[in-house]
Amino acid sequence: MLATVFDDEFHPLGASRQKTKGLYGAKAVLGRIQNTIEAALEDARVSPSKIAGLGFGCPGPLDLNRGIVLSSPNLGWHNVMLKRWLDKHLPFPSLVVNDVDAGTYGEYRFGAGRGARCLVGVFPGTGIGGACIYDGQLIRGTSMSAFEIGHLQVQPGGRLCGCGKSGCLETAASRLAIASDIAVAIYRGEAVIMRELAGTDLTSIKSAAIAEAIKKGDATVSAIVRNAARLLGVGVAAAVNLMAPDRVVLGGGLVEAMPKLYLEEVKRGMAPATLPTFMQDVHLVTAALGDNASALGAAALASESFGKRSRN
Ligand SMILES: [Zn+2]
């Protein structure tokens with residue numbers, strides 16, 4: 001988790017980063033959230049009384065009106081009253097948004113999505129998040145966050161997903177899916193370069209290590225990642241056929257570590273599944289803001305909601 005303090009012009013003043021450690025339950029994570037926010041304020045040398053508001057990006061789906069995390073399979077959270085907790089523990093107002101909504105909005109305002117009429121964001125990570133900004137507005141449901149592209153069913157009868165269904169896009173193309181395929185390959189005696197870099201522990205098969213193994217010539221790892229990226233393209237195609245966006249931004253750790261591979265293979269996966277006229281019109285780009293996209297987007301959304309002026 002990353003907390004960043006911005007000034008009125010969205011220049012970063014200070015930040016703090018901590019491991020989420022979702023395994024240890026919501027209470028422990030909430031405690032670390034508070035520590036991370038306080039550490040960021042200290043790093044920025046800004047008093048909490050100067051803060052106009054907090055934008056909080058969290059994996060969803062979420063009840064946006066009440067700030068409840070309805071279900072976040074990869075955190076193991078169900079019906080966590082996040083906004084109520086933030087309001088109780090912090091002296092400024094908070095806005096809870098979906099993390100990929102925030103990241104895509106960040107790219108739309110400050111990064112690779114600037115100027116797009118319709119921007120679709122797809123962020124493969126532990127799961128796969130999606131978002132859509134249309135005419136400057138984040139697309140959302142009446143009360144819930146929308147665009148859960150990671151749960152499009154792409155392989156009927158496929159692997160079981162954290163959401164309880166099977167064959168979802170994220171069971172085939174997320175970092176967790178890629179890491180588990182790599183772990184199986186290592187167990188079989190394949191992916192030798194990767195084994196030397198990371199072993200078979202899923203938590204150490206991270207984006208940077210995966211990219212390094214491919215760079216050093218691990219053909220098995222390359223095939224696994226390229227296959228996953230092509231499948232991601234099938235999911236992107238579904239979004240393009242529905243929304244006819246002028247731009248699609250790919251973000252997250254995997255894309256950041258292997259931008260060229262992702263652009264190539266996602267395009268390859270999209271081409272046969274996208275309406276030809278839409279394929280011609282859509283520009284596929286990689287995110288420009290890295291880790292800062294979600295924090296910037298969440299801050300921008302909060303600033304629209306609470307106003308910019310710092311309170312004295
Ligand atoms: Zn699912």
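Which residues of α5 are buried? I started my notebook with that one, keeping in mind that this is a predicted model.

**Helix α5**

I went along α5 and found Arg 175, Ala 177, Ile 178, Ala 179, Ile 182, Ala 183, Ala 185 and Ile 186 buried. Next I looked up what these buried residues pack against, and got a list of helices: α4, α6 (192–198), α7 (207–215), α8 (219–243), α9 (253–257) and α10 (259–270). I also checked the length of α5, residues 175–187: at 1.5 Å a residue its 13 residues should span 18 Å, and the end C-alpha atoms are 18 Å apart, so the two agree.

**Zinc site**

Then I turned to the metal. Which residues coordinate the zinc ion? I got His 151 through ND1, plus Cys 161, Cys 163 and Cys 168 through their SG atoms, at 2.0 to 2.4 Å. The angles among the 4 donor atoms run from 104 to 119 degrees, and the site is tetrahedral. I wrote the sequence spacing of the donors down as H-x9-C-x1-C-x4-C. His 151 and Cys 161 both sit in the loop between β10 (137–138) and α4 (169–173), so this pair ties together parts that are 10 residues apart in sequence.

**Aromatic pairs**

I counted 2 aromatic pairs. The one I followed up is Phe 10 with Phe 110: ring centres 5.2 Å apart, planes at 55 degrees, so I filed the pair as tilted. Phe 10 is in the loop between β1 (2–6) and β2 (12–17), while Phe 110 belongs to helix α3 (residues 99–110), so the contact ties together parts 100 residues apart in sequence. For accessibility I have Phe 10 at 10%, which counts as buried, and Phe 110 at 22%, which counts as partly exposed.

How many residues of β9 are buried? I get 6 of the 7 in this strand, residues 128–134, so β9 is mostly covered. On one pairing I found β8 (residues 118–124), which runs antiparallel to β9 and is joined to it by 7 bridges. Here Val 122 stands opposite Gly 130 in β9, and the β8–β9 hairpin has 3 residues between its strands.

The other pairing I looked up is β9 with β10, antiparallel over 2 bridges. Ile 133 stands opposite Leu 138 of β10. This hairpin has 2 residues between the strands, and I noted Asp 135 in the turn for its positive phi of about 50 degrees.

**Sheet β4-β5-β6**

In what order do the 3 strands of the open sheet come? I read β4-β5-β6, with antiparallel pairing. The edges are β4 (62–63) and β6 (77–80), each pairing on one side only. I found 3 bridges between β5 (residues 68–72) and β6, and in β6 the partner of Ser 72 is Trp 77.

**Arg 84**

Last entry: Arg 84, in helix α2 (residues 82–89). I have it as exposed, with a relative accessible area of 60%. Its C-alpha lies 7.4 Å from that of Gly 67, which is 17 residues away along the chain.

Definitions and conventions
Residues are numbered from 1 along each chain as its sequence is written. This is a predicted model: local features need pLDDT of at least 70, side-chain atom pairs count only at pLDDT 80 or more; totals for chains, interfaces and linings use all residues. Side-chain values use heavy atoms; hydrogens and water are left out. Donors are N, O and S atoms within 2.8 Å of the metal (3.2 Å for Na, K and Ca); water is not among the atoms, so sites may look incomplete. Four donors count as tetrahedral if all angles lie between 85 and 135 degrees; four count as square planar and six as octahedral if opposite donors are over 155 degrees apart and all others between 65 and 115; anything else is irregular. Helices (H or I, at least four residues) and strands (E, at least two) are DSSP runs, numbered from the N terminus. Rings of Phe, Tyr and Trp (its six-membered ring) pair if their centres lie within 6.5 Å; planes under 30 degrees apart count as stacked, over 60 as edge-to-face and the rest as tilted. Buried means under 20% relative accessible area, exposed over 50%, partly exposed in between (1.4 Å probe, protein chains only). Two strands pair if DSSP finds at least two bridges between them. The expected span of a helix is 1.5 Å times one less than its number of residues. Contact means heavy atoms within 4.5 Å.
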